Amino acid sequence: MKVMFVCTGNICRSPMAEAIFRDLAGDVEVSSAGTFALDGEMASFNAIETCKNHGLDLSGHRSTPVEGSDIGEMDLVLTATADHRDYLRRSYPNLKIHTIREYAGYDDLDIADPYGYNLNVYENCFLEIKEALEKICEAKFVR
């Protein structure tokens, strides 16, 4: 199975989701990209630090624009917000695309962007993503 996480810049939410999911899901090919990402940017310092505090390494992450990614080969695309989802559904109508929270069964669909905020905000974002991804893994992707 191939899963891609998408946010705006591919330097905070989607790389954290990628790292968390890779750790939780096991035998799944996981990647991430951004709807307005620059190519080759490092993850934000606070994303790297937050993941490090949870035993995950984002130091090697480099951002990828959706347009330069292999999104067309994905079995599932999970986005940070409904706006990301809707944007991608217009461009890739044949793909299975949901927000992370939507796919996990939550009514509130968006994960707020922590970019520019302190480590506490990143920690809360990380935990929100992790909780949703744990629910998805418990359900074994059966949607």
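Buried residues, meaning those under 20% relative accessible area with a 1.4 Å probe and protein chains only, make up 50% of the 143 residues in the chain. The model is predicted, so local features need pLDDT of at least 70 and side-chain atom pairs count only at pLDDT 80 or more, while totals for chains, interfaces and linings use all residues. Residues are numbered from 1 along each chain as its sequence is written, and side-chain values use heavy atoms, with hydrogens and water left out.

The chain holds 5 helices and 4 strands. These are DSSP runs numbered from the N terminus, with helices being H or I of at least four residues and strands being E of at least two. Read from the N terminus, the order is β-α-β-α-β-α-β-α-α. The C-alpha atoms fill a box of roughly 35 × 30 × 30 Å along the principal axes. Of the contacts (heavy atoms within 4.5 Å) with a separation of 6 or more, 69% are between residues 24 or more positions apart.

The interior comes next. A nonpolar core is a set of buried Ala, Val, Leu, Ile, Met, Phe, Trp, Tyr and Cys residues joined through side-chain atoms within 4.5 Å. The largest one has 32 residues, of which Phe5, Met16, Phe21, Ile100 and Leu133 touch the most other members. At least two residues of this core come from each of β1, α1, α2, β3, α4 and α5, and α5 gives the largest share, 8 residues. Apart from this core lies another, of 10 residues, including Val66, Met74, Val77 and Leu95.

Helix α5 covers residues 119-138, 20 residues in all, and reaches 28 Å from its first C-alpha to its last, close to the 28 Å expected at 1.5 Å a residue. That expected span is 1.5 Å times one less than the number of residues. Which residues of α5 are buried? They are Tyr122, Cys125, Phe126, Ile129, Ala132, Leu133, Ile136 and Cys137. Seen down the axis of α5, these buried residues fall within an arc of 140 degrees, so they line one face of the helix; the arc is that of the directions from the helix axis to the C-beta atoms. An α-helix has 3.6 residues a turn, so residues three or four places apart point the same way. The buried residues of α5 pack against β1 (2-7), α1 (13-25), α2 (45-53), β3 (76-79) and α4 (100-104). On the other side of α5, Asn120 and Glu138 are exposed, that is, over 50% relative accessible area.

At the start of α5, a side-chain oxygen of asparagine 118 comes to within 3.0 Å of the backbone nitrogen of asparagine 120. After the helix comes lysine 140, whose phi is positive, near 55 degrees.

Asparagine 10, in the loop between β1 and α1, is buried with a relative accessible area of 0%. The side chain of asparagine 10 reaches the backbone nitrogen of threonine 64 at 2.8 Å. Not counting residues up to four places away in sequence, asparagine 10 touches Pro15, Ser32, Ala33, Gly34, Ala37, His61, Arg62, Ser63 and Thr64.

Arginine 85, in helix α3 (residues 82-91), is buried with a relative accessible area of 11%. Its side chain makes polar contacts with the side chains of aspartate 86 at 2.9 Å and glutamate 102 at 3.1 Å. A polar contact is a pair of N or O atoms within 3.5 Å; within protein, one must be able to donate a hydrogen and the other to accept it, and residues adjacent in sequence count only if both atoms are side-chain atoms.

Lysine 2, in strand β1, is partly exposed at 23%, a class that runs between the buried and exposed limits. The side chain of lysine 2 makes a polar contact of 3.5 Å with the side chain of glutamate 73. The C-alpha atoms of lysine 2 and valine 77, 75 residues apart along the chain, are separated by 8.6 Å.
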